[in-house]
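Please look over the model below before reading my comments.

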Amino acid sequence: MHKSARNMTEGSVVRHLLRYSIPAILGDLFQVTYNTVDSVIVGQYAGAGALAAVGVASPLMSIAMFFIIGMGIGASVLMSEFYGAGDGRSLRREFATTLAMGAAFSAAIALSLFMLAEPLLRLCRTPEAILGDTAGYLRIVALGMIVTSLYNILAAASRSIGDTLTPLICLVAGSLTNVGLDLLFVAVWGWGVAGAAYATVISQAIAAVLCAVLLRRNEPVLFSRADFSVDRGLFRRTLRFSAPSAMQQAGVYVGKLLVQSAVNPLGVSAIAAFNAVNRLDDYALIPERDISGGETVLVAQNHGAGRTDRMRKGFQAAMLLEVVYGLIVSVAIFALAEPLMGLFVAKEEAEVVRLGVRYLRLMGFFYFMPGITNGLQGYMRSIGKMNITMYVTYSQMFTRAIFTYILIGSLGLDAVPLACVAGWILMMVWEIGLMVKWRRDGRLYRL
């Protein structure tokens, strides 16, 4: 076992969670920086219309990408179990099978997005003023989906054996490249939205190639010619785990797309404010998702090793970390709303800043809620309850969309954060109810 891999079936549960989560958080912050740097540079150098174009394209792109990421999450649960059980042969076969699945699905999705860009954007009621730029951005980024998918599957495999350092290194390299190319293509050469798209694709390709090289060198447990092959039995099992997880991850962005469609008729200022806040949301919620990811890996490894005592300790420690972080970020977002919005647009865009600050301060009261739901879902994923996490997420998504459409006519952009809160309340009630029932029935920590 290479030193960057981590067996979580022994040692301090809290230490494992922190040592897993901190590099994962840093890595995902760099990943979100790909899109955030696009938004900041495009907004500052190409204007609010270009910022709105990038924002409108992002949910469509994210639906496709997070479908692939969801596949990796589902497969990583199996890889963590095999690793915890010491079954290297099944681990390598699972890794090869997931790579093949990811390549096939990402190619099909990328082709569909490229061909259907404009019809999909019209379906989302994208304003004609930004339709051309938005479609161009979407098509360019779609072409890079295969390399982006490759990176995410490699990162999922690395994280399944407790190695979050390798993905971090790759994302730092990709993010720094993205910053440099954005400045060159958009600020210096004036390529606008297309320049931001090219910068994103090139930087993601660099991250994927670097991850493949480092993972092969540093984690030989994943590579063996004798075992590295697609396994039909594992393919079916992976599909059972991955399909609900993929649908759940994609569903989050289907919900965002539905909300985006409700916001679009409010005009360019509202669109720009909404998408700037979405970028900040991504940053705020990353630690909650990565603590949940560490919980999933830790509990799944101990599930494979038959350690029910450590499954319970892992769940309890993760929930404590989630709640503490959620309360901290709620206060920070509320207090820093105005300077944060100032990062995305020039002072002259006063209406964008005003709308964004109001949105952030409404959301600032409630960021602890997704922390609780992430902690509960992290445990459910680790024991294979993928269908339940999918159902709950879709219920939250539709609740958010329905409340947005009902309220937006009278409340404007204020409807969106209030609709988010309604969805989070539904998730919390449902998930806590299930956990209480499983505990009462003696099924909560059962192997």
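Predicted model: local features only at pLDDT ≥ 70, side-chain atom pairs only at ≥ 80, totals over all residues.

1. Pocket size and lining. The largest pocket holds about 170 Å³ of space. Its lining includes L60, I63, A64 and F67. I109 and L113 also belong to the lining, as do A250, G251 and V254.

2. Which helices build the pocket? Three of them, α2 (48-84), α3 (88-115) and α9 (232-263), each supply at least two lining residues. The top contributor is α2, which gives 4 residues.

3. How many residues of each class are in the lining? There are 9 nonpolar residues and 1 polar residue.

4. E81, placement. Helix α2 gives the most residues to the pocket lining, and E81 is found in that helix too. Is E81 buried or exposed? E81 has a relative accessible area of 13%, so it is buried, the cut-off being under 20%.

5. E81, surroundings. Setting aside neighbours within four places in sequence, E81 is in contact with R237, A300, H303, G304 and S382. Please inspect this set around the E81 side chain when you open the model.

6. S330, placement. S330 sits in helix α11, which covers residues 308-335. Its relative accessibility is 7%, so S330 counts as buried.

7. S330, partners. Which residues does S330 touch, beyond its neighbours within four places in sequence? The contacts are G364, F365, F366, Y367 and F368. With Y367 there is also a side-chain to backbone approach: the side chain of S330 reaches the backbone nitrogen of Y367 at 3.1 Å. That distance falls within the 3.5 Å limit for a polar contact.

8. S12, placement. S12 lies in the segment before α1 (13-46). Its relative accessible area is 29%, so S12 is partly exposed. The label applies because the value falls between the 20% limit for buried and the 50% limit for exposed.

9. A polar atom of the S12 side chain lies 3.2 Å from the backbone nitrogen of R15. How far apart are S12 and R310 in sequence and in space? They are 298 residues apart in sequence. In space, C-alpha to C-alpha, S12 and R310 are 9.5 Å apart.

Key. Residues numbered from 1 in each chain as written. Heavy atoms only, no water. Buried < 20%, exposed > 50% of the residue type's maximum accessible area, 1.4 Å probe, protein only. Polar contact = N/O pair within 3.5 Å; in protein donor to acceptor, adjacent residues only side chain to side chain. Contact = heavy atoms within 4.5 Å. 1 Å grid on protein atoms, 1.4 Å probe; cavity = no way out; pocket = protein on both sides within 12 Å on 5 of 7 lines; lining within 4 Å. Points joined across faces, edges and corners; volume = space filled by probe spheres on them. Nonpolar A, V, L, I, M, F, W, Y, C, P; charged D, E, K, R; others polar.
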